[in-house]
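Please keep the sequence and the structure open beside the text while reading.

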Amino acid sequence: MDTADSAHATSSSQAAAGSNPLLDPRDLRLPRIADPCVMVMFGITGDLARHKLLPAIYDLANRGLLSPSFSLVGVGRRDWSDEDMRAYVRGSVGAHARTPWHESIWEQLAEGMRFVTFSSFEDDEAYERLTGVVAELDASRGTSGNRAFYLSIPPGWFPAVTQRVAASGLVDDAPGSWRRVVIEKPFGHDRDSARELDSLVGRIVRPDDVFRVDHYLGKETVQNILALRFANTMFEPLWNQGYVDHVQITMAEDIGIGSRAGYYDTIGAARDVIQNHLLQLLALTAMEEPSSMDAAAVRAEKEKVLDCVRLTRHGVLDLDATTARGRYVGGFQGGVAVPGYTEEQGVPQDSTTETFAAIRLEIANRRWAGVPFYLRAGKRLARRVTEVAVVFKQPPFLPFDPSATAGVGANTIVLRIQPDEGITMRLASKVPGTHMELRDVLMDFGYGASFNEESPEAYERLILDALLGDAPLFPHQREVDLSWRILDPVIEHWAAAGVPDSYRPGSWGPDSAHDLLTRDGRTWRRS
């Protein structure tokens, strides 16, 4: 950045800080302020909106990152007035917001809130009322005709909504203004449905104006993968098949499905998190260095590496040897009796849905040839953890007595996504004493201990980026398509295999998951 650009950035930041004393001009994490706009939120009464989206909007406003003209239109089936919606949003913010309550910020935000009652998403008259409300906000709030549509609804409703939004004129082009659509996962249930979904959304906005939310990509520690690799010369020369033995990517939860049976039983662990979260983590871990952090440059490198992913093992396709799945049975976890998956309320007794999935992948390019990537995700596991572990090869020669190195394992870099966000490095060190004995030690960097700033929630970053039209953290349709290309054969193989293997609550999954690594002479690391 040259002097002029730096001065401009500083003055912009100071201007923002002047409008809101809560915004520190030295805070460079989220310095850009969104344009005035109307956000229309379909599904505003759902759990995601209540727990994440609405608090994130308040937190952005509280940090001075939303225009004072920002307006929010809620769409739902409840017979609410605008005041009812404001009371609902206030309750959500009070319970879940990250930043302190400030009445003046709330009043400014609440002035732009409206609610439109829909008898269903096929209610043509409701779309006419919605059009009128948005036009009124454009006139009274000065939103410049900018509109963002947040579709926090099941994909089955997308055809009805996109067709009627297009017919209403809400997304018609207007000089000097923009139209954007934000959609939540799942992005289809297979490759064909994902392409159909993309076609539906493409009816109302251009491809570059579609923002697919994978909230994991908004987490600070996920973005730190790029910082670790490309801002430090000590790591990148080792980040290849010459030094890396294998990579393990884990997303483990210690809870069951709770009240989500209606959703989860139609999806399963692989579709729920491997197709999106874990393959995105793989792409960020394995991609080549982009030419810049521009959205198109980052996306191009992620697409290249996803295009090279193979389900083969040493060049042979054997899905029995490279995949594993299971589901939890009833038992005790943490001293508390918990039901098995098929005993959960709303789960059919004849369900074949998996609550645990593990996949072994290879990447057919020069950097990663011969390095397996192991991905696993599951419910009711031993602990809650999401991490990327890069496990390095053992030294080709050790000049020490074998007894001195008995307690030494492989060097490992672990990127902890959640909880306890940070980075851990495992390496060998001499034990103090008169004789040579080596033992593994840990070097640990934790976000909480290293920075005074509190990290913004993922949805703060993602909502702001969508309003800014900045897309590096949003998967493009090509990435979604490539991810389904990888996963579809696995899902089809499992569909023909019957019931998943069983595993105890509080364990690390079924025996077949451990066999996945045992075949290669490896073991899952203890998280």
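Does arginine 426 count as buried, partly exposed or exposed? At 29% relative accessibility, arginine 426 counts as partly exposed, where buried means under 20% relative accessible area, exposed means over 50% and partly exposed lies in between, with a 1.4 Å probe and protein chains only. The model is a predicted one, in which local features need pLDDT of at least 70 and side-chain atom pairs count only at pLDDT 80 or more, while totals for chains, interfaces and linings use all residues. Residues are numbered from 1 along each chain as its sequence is written, and side-chain values use heavy atoms, with hydrogens and water left out.

**Arginine 426**

Arginine 426 is found in strand 16, residues 422-430; helices (H or I, at least four residues) and strands (E, at least two) are DSSP runs, numbered from the N terminus. Not counting residues up to four places away in sequence, arginine 426 touches Gly409, Ala410, Asn411, Thr412, Asp440, Val441 and Leu442, where contact means heavy atoms within 4.5 Å. Between arginine 426 and aspartate 444 there are 8.8 Å in space, C-alpha to C-alpha, and the two are 18 residues apart in sequence.

**Two annotated positions**

The UniProt annotation "binding site", from an unreviewed entry, covers Arg77 and Lys185; such positions are given in the numbering used here, feature names are shortened, and annotations may be inferred rather than shown by experiment. Arginine 77 sits in the loop between strand 2 (71-76) and helix 3 (82-96), and at 69% relative accessibility arginine 77 counts as exposed. Leaving aside neighbours within four places in sequence, arginine 77 is in contact with Thr117, Phe118 and Ser119. Lysine 185 lies in the loop between strand 5 (179-184) and helix 7 (191-201), and with neighbours within four places in sequence again left aside, lysine 185 is in contact with Val213, Tyr263, Asp272, Asn276 and His277.

**Helices that pack together**

Two packed helices are described by the angle between their axes and the distance between the axes. Axes are lines fitted to C-alpha atoms, for helices over the stretch in contact, and angles run from 0 to 180 degrees between N-to-C directions.

| Helices | Angle | Axes |
|---|---|---|
| Helix 5 (124-141) and helix 6 (158-168) | about 50° | 10 Å apart |
| Helix 3 and helix 4 (103-110) | about 140° | 11 Å apart |
| Helix 10 (268-286) and helix 11 (295-307) | roughly 105° | within 9 Å |

Angles under 35 degrees count as roughly parallel, over 145 as roughly antiparallel, 65 to 115 as roughly perpendicular and the rest as oblique. With an angle of about 50°, helix 5 is therefore oblique to helix 6. Helix 5 passes helix 6 in a right-handed crossing, a crossing being right-handed if the near helix is turned clockwise from the far one by less than a right angle, and left-handed if anticlockwise. In this contact, Asp124, Tyr127 and Thr131 of helix 5 meet Ala160, Val161, Arg164, Val165 and Ser168 of helix 6.

At about 140°, helix 3 is oblique to helix 4, and their crossing is right-handed. Arg86, Val89 and Arg90 of helix 3 make the contact with Glu103, Trp106 and Ala110 of helix 4.

Helix 10 and helix 11 are roughly perpendicular to each other. Here Leu279, Gln280, Ala283, Leu284 and Ala286 of helix 10 meet Lys302, Val305 and Leu306 of helix 11.
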